Amino acid sequence: MPMVVGVVAGVAVAAVLVLIGLFKLMWRVAEPNEALIISGSKHRTEGIEEGLGFRIVTGRGTLVMPGVQAVRKLSLDLNETELQVDCVTHQGIPLKVRGVVIFKVGDDFVSIANAARRFLDQQKLMSERVHNVFAGHLRSIVGGLTVEDMIRDREKLTGQTRAACGTEMEKLGLIVDSLQIHEIEDPTGYIQNLAMPHAAAVQRDARIAQAEANRLATEAEQQSFARMAEATRDSEILQAGYQAERDTAAAKARQAGPLAEAGARQEVVVQETRVAELEAHRREQQLQADVRKPADAAAYETRTLAEADRDARISSAQAQAKETELAAAAEATRVKTAAGAEAEATKARGEAAAQATRATGEAEAAAAQARGLAEAEAARAKGLAAAEAIKARAAALAENQEAVVAQQLAENWPEIVQAGASAFGNVDNMVLLNGADGMADVFAKALTMGGTGLGLARQLLASMDRSGQAPQDTSPLNGQTQKVPMDDR
């Protein structure tokens, strides 16, 4: 039994190997640059009429029955053929045209079928056949052109040749990838003669250009020489300038020591001057603090005490004068009242004796006498009061003349200041020097007039004191001239 299994396994393996071998023998694969032509059976290929008797396979594999079908390969690679054609132009000039044609079998099945039927066993002769086709058409086309046309428009020759060969190449199953005309040879020298006028013109232009170039070169050389001379001059000028700068720098360097010493001395002098100024300023400030401010304080204290004493004396004199005036007024009132009472009594007595003519006359006389006495007593009391006032003022003047004058000046001080300020009434702009001290001097000068008035008042009061009399007032009072005391105002 194991033997049977082994035999069966061996047979199966052998059968598989045989099948693999047969498959490999029957399976054909077309390469990308070739086409398989399978003949021996009737097949229908797309785009090809029936009855060709072969099948075309490209780019894939297929099964081929050995012994029944035959498989051959048609190359789809590029092919190249050189063209060397003797031609005669429309002008009868012989030429040799050299070029190259690059072609291949078309990729479609129709082109492959046409190429297979014509070149399958003669693929090496394909280039010769293509050469013959292009040579014939090229001769025909060149025969209709002139040399000038071929030289000037070679692309036209190439296009007409490709167009003329296209139909025949299609029948052969071939396509032209490129056609290039490399060279046109002229054994007669016609092309060379055509070029001679142009060559002569070019040569002429070349000589002219060369002459112009020589002229420009000469001018350039002269300009270069001039620039070289100018550069030499500028260099010498710069060198001279640099030398002058070096000399100047050397001179400055030689002078640097004395200048530095002088500058140092100058700085020392400046610093010493600054120190002296600071010391003077310090001394001035010290004097201000030690002398001037205490002196100002002492002067202010003295002035304040004097003003206070003066005000006290003026107030005392005013009080005494007021007291005297009030006493005189009271005495006059008392006398006048007594006189009135006496007159009333006399009048009463006269009325009581009215019936008696004598009594009435006597009463009237007594009444008239009483009125005269009363008026005389009142005048006497008023005179006594004025004399007491003059005596009190004289006593005040004797004790403190400055206080009385100061009182008079204080009462009339606005008019005095106005009169003193009128001296500056026509001044538009006034420049004051020395700050606050200058302002004080101006006010002191303005008030000097007040001092002058003070002196005059003192002289007047002194003269009055020596004479012991008041100024006369000539105003009429009962037809008599009376002494009137001076008004304090």
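This briefing walks through the helices, a surface patch and the salt bridges of one protein model.

The model is predicted, so local features need pLDDT of at least 70, side-chain atom pairs count only at pLDDT 80 or more, and totals for chains, interfaces and linings use all residues. Residues are numbered from 1 along each chain as its sequence is written, and side-chain values use heavy atoms, with hydrogens and water left out.

**The whole protein**

- You'll find 11 helices and 10 strands here; helices (H or I, at least four residues) and strands (E, at least two) are DSSP runs, numbered from the N terminus.
- Of the 489 residues, 21% are buried (buried is under 20% relative accessible area, exposed is over 50%, and partly exposed is in between, with a 1.4 Å probe and protein chains only).
- Among contacts with a separation of 6 or more, 69% link residues 24 or more positions apart (a contact means heavy atoms within 4.5 Å).

**Helix α3**

- Helix α3 covers residues 126–142, and its 17 residues should span 24 Å at 1.5 Å a residue, which agrees with the 24 Å between its end C-alpha atoms. The expected span is 1.5 Å times one less than the number of residues.
- Its buried residues are Met 126, Val 130, His 131, Val 133, Phe 134, Ala 135, His 137, Leu 138, Ile 141 and Val 142.
- What do the buried residues of α3 pack against? Their partners are β6 (79–88), β7 (94–105), α2 (109–119), α4 (147–152), α5 (154–171) and β8 (174–185).

**Helix α5**

- The 18 residues of α5 should span 26 Å, and the end C-alpha atoms sit 27 Å apart, which agrees.
- Even so, α5 has a kink of about 40° centred on Cys 165 (the bend at a residue is the angle between axes fitted to the seven residues ending there and the seven starting there).
- Cys 165 is also one of the buried residues of α5, along with Leu 157, Thr 158, Thr 161 and Met 169. Their cover includes β7, α3, α4 and β8.
- After α5 comes Gly 173, with a positive phi near 80°.

**A nonpolar patch**

- Val 13, Val 16, Leu 17 and Ile 20 make a nonpolar surface patch with about 360 Å² of accessible area together. Patch residues have over 30% relative accessible area and no salt bridge; like charges are joined within 9 Å, and nonpolar side chains (Val, Leu, Ile, Met, Phe, Trp, Tyr) within 5 Å.
- Leu 17 belongs to helix α1 (residues 2–26), and Leu 17 is exposed because its relative accessible area is 54%.

**Salt bridges**

- How many salt bridges are there? The count is 15, where a salt bridge is a side-chain nitrogen of Lys or Arg within 4 Å of a carboxyl oxygen of Asp or Glu.
- Arg 72 pairs with Asp 121, with their closest N and O atoms 3.5 Å apart. Arg 72 is in strand β5 (residues 70–75) and Asp 121 is in the loop between α2 and α3, so this pair ties together parts 49 residues apart in sequence.
- Arg 72 is partly exposed at 39% relative accessible area, while Asp 121 is exposed at 66%.
- Glu 279 and Arg 282 form a salt bridge at 2.4 Å, N to O. Both lie in helix α6 (residues 190–352), 3 residues apart, or about one turn of the helix.

Terms used: Accessible areas come from the Shrake-Rupley method with a 1.4 Å probe; for residues, only the protein chains shown count as cover.
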